[in-house]
Amino acid sequence: MKNYFLIFIMFLSVLSFSQEKFITRNGKVTFNASTPLEVIAPVNNYVSCILDTENGKLVFQMKMISFKFEKALMEEHFNEKYVESDKFPKSTFVGQIQNWDDFTWNGIEQDVVVKGKITIHGIEKEIIVKGVIETSKSTISLSSSFDIIILDFGIKIPRLVRDKISETVKVEVNVTLKQK
Amino acid sequence: MNRIIVFLSCIFFSFSSFSQEDLLSFLNDDNENVLTFATFKSTKIINLQSVEQTNKNELNFVISHRFGALNSGIENLYGLDYGSIRMSFDYGITDDITVGLARSSSYKVIDASVKGRLITQGKNDFPFTIAMYSAVFYDTLSSLLATEDMLKNDFSFTHQLMIARKVNSNLSLQISPALTSYNFLSPYPWTLLVNEKMYTLGIGGRYKVSRSVSINSEWIPIFMTNSNLIHPFKNKDFINSFSVGCDIETGGHVFQLFLTNSETMFERGFLNETLGSWKSGGVHFGFNISRPFNFN
């Protein structure tokens, strides 16, 4: 009888686990490194993201090779010469939404601050980013926009194309999470 | 009964321990294989076609030059006074199919080609990228030069298979067997058509020395004509093409600078009709410059 009780508890724990995770694999991340000489604004529509509503832990992951550029040659150079997608195929963010206890499921936009570690090109950095979180009946939408300096991640721009690529890159994130 | 309970509890424990794991592991999917890209910087290694394709809806304009032979002396500035040129236009119908049209000043040859990629390295863990290339050459001078004792060869064909492997991010190797078919025809209609076939085996590679510069080399031995095997080193009838050079990539262009003993720039020519000898300095300085234009 004791054993049955144990199983019942475990079963409950599994159930609760499946209720608190919100996930997507089709999030969108764009970045903009445009200069007056060149438009560089690729889109990645295959961004994975998971949010643990129990504690506000937030994780992003994306393949760098999924960024689609307007020009195929640019895309190849991005992967081969800049982010080196064969050596560092993924970029990740592992973080925590601050003051998660204040979060309410009320359908209106709430400003949040997320703190965590972002890894691009194999280099990890601590960042703090402002974002907006919005809930609907069954989904949670997150959006944010922030700047990164690509030299911080060990990505150097050759002198020859320095005028064409911006060293500060504006990143925009939009994800809609569904219950797992 | 006890056994079943232990079994079930094992399963549940594994679930609950799973939930404790890092959230990142949730996001890893099984489909992790990535197709290899940028095996070579350009659609050519030097003379030889590489497995690289012109991208979809892109027109790749390649302008190539071969100067005269280095051993032509100071009075010709070691060959720089003289040069032959090839202009080629390649258009990517899809990312895997390219059609091309080109003209070379040597022998006044116009060629039309089609290049297709069959499989890319990394797809289902396949170790190679395989592509094929077929071209037809129209020799505009052939008919003019043909006399009673000289056969004309208006049309000739080359079919080539390219098998390449990007060993690591710096080193790529390629092997390219090719068949060239000549159709010799007397200018008089009562004589027979003579078909001659030449088989070559191109071997090439590149090594990246920095992220914008690579060293390239290729060697193309002729190993068979019709059904006669030919020793790649000990034959007096043919000279094998050998080239060495570098690729320099700027934002939109790729510059290829090299030394080669083949003066002709179309496949039939440099695969089978190389005349210069490295030993006696019959080597030409040359370059290819490619520039893609986007039609998206």
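Two strands are said to pair if DSSP finds at least two bridges between them. Helices (H or I, at least four residues) and strands (E, at least two) are DSSP runs, numbered from the N terminus.

This is a predicted model, in which local features need pLDDT of at least 70 and side-chain atom pairs count only at pLDDT 80 or more, while totals for chains, interfaces and linings use all residues. Residues are numbered from 1 along each chain as its sequence is written, chains are lettered from A and ligands numbered from 1 in the order in which they are written, and side-chain values use heavy atoms, with hydrogens and water left out.

Chain A contains two helices and eight strands, arranged along the sequence as α-β-β-β-α-β-β-β-β-β.

Next, colour chain A by accessibility. Of its 180 residues, 48% are buried (buried means under 20% relative accessible area, exposed over 50%, partly exposed in between, with a 1.4 Å probe and protein chains only). The accessible surface of chain A comes to about 9,900 Å², and carbon and sulfur atoms hold 55% of that area; the method is Shrake-Rupley with a 1.4 Å probe, and for residues only the protein chains shown count as cover. Among contacts in chain A with a separation of 6 or more, 59% link residues 24 or more positions apart, a contact being heavy atoms within 4.5 Å.

Select residues 123-135 and 139-149, which are β6 and β7 of chain A. β6(A) and β7(A) form a hairpin with three residues between them, and five bridges join these antiparallel strands. Within this pair, A:Glu134 stands opposite A:Ser141, and A:Thr135 faces A:Ile140.

Draw a distance from its C-alpha atom to that of A:Thr119, 18 residues away along the chain: the separation is 32 Å.

Move to chain B and select B:Ser156 in strand β6 (residues 155-166). B:Ser156 is buried, since its relative accessible area is 0%. Beyond its neighbours within four places in sequence, B:Ser156 touches B:Ala135, B:Val136, B:Phe137, B:Ser181, B:Tyr182 and B:Arg268. With B:Arg268 there is a side-chain to side-chain polar contact at 3.0 Å (a pair of N or O atoms within 3.5 Å; within protein, one must be able to donate a hydrogen and the other to accept it, and residues adjacent in sequence count only if both atoms are side-chain atoms).

Finally, colour chain B by pLDDT, the predictor's confidence in each residue, from 0 to 100. The chain B mean is 87, and 86% of its residues reach 70 or more. Confidence in chain B is lowest in helix α1 (residues 2-20), with a mean of 55, and highest in strand β3 (residues 97-104), at 97. The model scores ipTM 0.75 and pTM 0.80.
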